Structures are given as structure tokens and as C-alpha cells.
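Please write a short briefing on this structure for someone who has not seen it before. Keep it brisk, and group the points by topic.

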Amino acid sequence: MILDIQGLAFKYPSRPVIQNISFEVQKGECLAILGTNGVGKTTLLKCINRILKPQHGVVLVEKEEVFKLSRPELAKRIGYVSQRQGNPRYTVFDTVLLGRKPYIKWDISSRDLEVVNQVLALMDLTDFSLRFLDELSGGELQKVIIARALAQEADVLLLDEPTSNLDLKNQYEVLRIIKDVVQSKQIAAVITMHDINLAIRFADKFLFLKQGEIFTAGGMEVITARNVESVYSIPVCVEHFGNVPVVLPL
Ligand SMILES: Nc1ncnc2c1ncn2[C@@H]1O[C@H](COP(=O)(O)OP(=O)(O)OP(=O)(O)O)[C@@H](O)[C@H]1O
């Protein structure tokens with residue numbers, strides 16, 4: 001197991017958000033976090049990444065407690081892609097190079113440059129290298145921020161709605177790249193998503209949140225009309241195209 005979450009609970013002074021959250025992610029796995037707006041998906045990612053301090057619970061990456069790690073150590077363990085990020089006056093190249101920050105001691109190494117160039121090519125961003133972030137479309141920017149996280153070469157990637165601005169082709173391509181990296185490097189990804197059918201195509205495991213707690217979690221067997229209806233409060237049916245279930249609102 002690469003990521004181990006035990007009994008996480010977080011509340012803002014005004015309201016409780018998540019509680020009793022325990023789950024594990026294995027090496028090579030993509031976990032999709034699903035649930036309605038405001039249920040606590042982003043809050044959960046922020047608690048894992050130490051941006052928020054949970055009132056209860058423990059987060060272990062490779063058996064090490066994240067709250068005991070130094071900042072650079074944490075950045076080598078966890079790469080985080082939030083919904084809003086990036087300095088508009090940085091170029092694409094410099095932004096992705098920032099992902100190497102935890103590894104740079106005195107100067108940028110040839111390995112750092114190699115990783116950045118590889119990731120830019122992987123994400124089809126090489127032609128954008130010298131553009132400033134404020135000269136990009138929302139989808140292009142989203143790909144750059146994901147590229148930065150990949151350049152970080154962390155053990156766990158936390159991705160908050162990484163495909164929200166992407167067109168159909170880029171949604172599939174970017175998730176395919178993330179899945180390939182997770183499998184080939186035997187790391188893990190935790191991805192919050194609204195598109196349940198996209199999650200079904202790419203995630204290995206699913207975790208449904210409801211009222212701040214885990215409603216159900218598991219593999220493809222948890223994708224049932226009953227579960228989806230309970231979580232999202234709309235009637236659905238689940239049809240199968242070959243082996244792939246597709247959730248259709250009725
Ligand atoms: N800084 C804050 N102070 C108080 N409440 C907050 C704060 N940030 C978020 N919340 C509340 O915490 C709850 C969980 O928010 P969160 O952003 O984690 O939800 P989410 O599941 O990611 O939602 P969405 O799908 O809309 O992105 C919401 O009710 C939200 O209003």
C-alpha cells in the first residue's frame with residue numbers, strides 16, 4: 001500500500017465537512033473520489049496534502065506520516081493539482097520546471113531539464129514552452145499544471161477535477177497519460193471527478209462520499225444504480241457496453 005488514510009475528520013469553525021474517512025490506495029492504482037458539490041472532495045485532498053490540518057486521523061504515504069515530513073520531503077511524496085493554480089507571468093517551461101523544486105539544491109541539473117522536456121512532450125505541450133500562462137486557454141493551462149505535478153515525480157498524485165476544462169479528446173488523453181504514469185512508475189493517483197462515466201473508464205477504484213462520510217468504496221462492483229441514486233439523488237440506470245458499465249440518468 002502506498003497511501004493509507006485512517007479516521008480522517010475535518011471541520012471548519014462554522015461546519016463539519018468530513019469524518020470517519022479511512023481508505024487505502026495501492027501502488028499502480030487510480031482512485032476516483034465521487035460525490036455531490038460541496039460534499040468535501042477538495043477538503044479531503046487538502047487534508048491529505050497537509051494544506052488543511054485534520055482534527056482527527058492520520059495520513060501515511062509509504063508508511064510515513066505526512067505531518068512529520070519536511071516541506072521538500074512532502075513535495076517528493078505528494079504532487080497536488082488544485083482547481084486554480086499557476087502564476088500568469090511564468091512561462092509554460094518555467095512552470096513545469098517548478099515541479100522539480102524539491103530536487104534542486106544549488107542549480108538546475110541536466111536530469112531536471114530532461115524530466116521537464118519529457119513531460120512537456122508527453123503532454124503535447126512542447127510547442128507551448130515559451131508561452132506565458134496568461135496566454136493559454138483554460139484547458140491548455142490545466143494540462144500545464146498537470147505536467148508540473150508529473151515533473152515532481154511524487155509517489156502520490158492528488159488531482160482535483162483535472163479534466164474540468166478539457167475537451168473530449170484531451171479528457172481521455174490526459175487521463176490515459178496519468179493512468180500510464182501511475183502504472184509504469186507504480187505510484188498512485190487520487191482524482192476527484194464529476195463525470196462518473198469518465199471515472200469508470202479510467203479509475204481502478206471508486207470512493208463515493210455522502211454527507212461527509214464514505215458511502216461506499218470498492219472496484220467496479222460499487223457502480224450500481226442504487227449506489228449512484230443514493231449519492232446523487234437522481235434516478236439512473238446502469239447499462240453495459242461490453243464490459244464497461246455506463247451510468248445513464250433517467
Ligand atoms: N474556507 C472555508 N470555510 C468554511 N467552509 C468552507 C470553506 N471551504 C469550503 N467550505 C465548505 O466545505 C464544504 C466542502 O467543500 P469542498 O470544496 O471540499 O467540496 P467539494 O466536494 O470539493 O465540492 P465541489 O464538487 O463543488 O468542488 C462545502 O460545504 C463548502 O461550502
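Asn20 is exposed, because 12 other C-beta atoms lie within 10 Å. The cut-offs run as follows: a residue is buried with 20 or more other C-beta atoms within 10 Å of its own, exposed with 12 or fewer, and partly exposed in between, with C-beta atoms placed from the backbone. The model is predicted: local features need pLDDT of at least 70, side-chain atom pairs count only at pLDDT 80 or more, and totals for chains, interfaces and linings use all residues. Residues are numbered from 1 along each chain as its sequence is written.

**Positive phi angles**

- Asn20 lies in strand 2. Helices (H or I, at least four residues) and strands (E, at least two) are DSSP runs, numbered from the N terminus.
- The phi of Asn20 is near 55 degrees, a positive value in a residue other than glycine.
- Gln211 also has a positive phi without being glycine, with a value near 50 degrees.
- The loop between strand 9 and strand 10 (213-218) holds Gln211.
- Gln211 counts as partly exposed, because it has 13 C-beta neighbours inside 10 Å.
- Arg50 follows helix 1, and its phi is positive, near 70 degrees.

**The whole chain**

- The chain has eight helices and twelve strands.
- Its radius of gyration is 18 Å, close to the 18 Å that the globule rule gives for 250 residues, so the chain is as compact as a globular protein of that length. The radius is taken over C-alpha atoms, and the rule is 2.2 Å times the number of residues to the power 0.38.
- The C-alpha trace spans about 55 × 40 × 35 Å along its principal axes.
- Of the 250 residues, 37% are buried.
- Among contacts with a separation of 6 or more, 64% are between residues 24 or more positions apart. Two residues are in contact if their C-beta atoms, placed from the backbone, lie within 7 Å.
- The UniProt record, an unreviewed entry, annotates residues 3-236 as "domain: ABC transporter". UniProt positions are given in the numbering used here, feature names are shortened, and annotations may be inferred rather than shown by experiment.
- Residues 3-236 are 35% helix and 26% strand, and the end C-alpha atoms of this stretch are 32 Å apart.

**The ligand shell**

- Which residues are around the ligand? They are Tyr12, Ser14, Val17, Gly35, Asn37, Gly38, Val39, Gly40, Lys41, Thr42 and Thr43. A residue is near a molecule or strand if its C-beta atom, placed from the backbone, lies within 6 Å of it.
- By class, the shell has three nonpolar, seven polar and one charged residues. Ala, Val, Leu, Ile, Met, Phe, Trp, Tyr, Cys and Pro count as nonpolar, Asp, Glu, Lys and Arg as charged, and the others, Gly among them, as polar.
- Helix 1 (residues 41-48) gives the largest share of the shell, three residues.

**Helix 1 and Lys41**

- Helix 1 is mostly covered, with seven of its eight residues buried.
- Lys41, Leu44 and Ile48 are among the buried residues of helix 1.
- Lys41 is buried, because 23 other C-beta atoms lie within 10 Å.
- Leaving aside neighbours within four places in sequence, Lys41 is in contact with Ile33, Gly35, Thr192 and Leu209.
- Lys41 and Glu161 are 120 residues apart along the chain, and their C-alpha atoms are separated by 9.7 Å.

**Strand 3**

- Five of the five residues of strand 3 (residues 30-34) are buried, so the strand is largely enclosed by the rest of the structure.
- In a regular strand, side chains alternate between the two faces of the sheet.
- Cys30, Ala32 and Leu34 are buried on one side of strand 3, and Leu31 and Ile33 are buried on the other.
- Strand 3 runs parallel to strand 8 (residues 188-192), joined by four bridges. Two strands pair if DSSP finds at least two bridges between them.
- Leu31 stands opposite Val190 in strand 8.
- Strand 3 also runs parallel to strand 9 (residues 205-210), again with four bridges.
- Ala32 stands opposite Phe206 in strand 9.

- Four strands form an open sheet in the order 2-1-4-5, with antiparallel pairing.
- Strand 2 (15-25) and strand 5 (64-65) are the edge strands, and each pairs on one side only.
- Strand 1 (residues 3-12) and strand 4 (residues 56-61) pair in the antiparallel sense over five bridges.
- Asp4 stands opposite Leu60 in strand 4.
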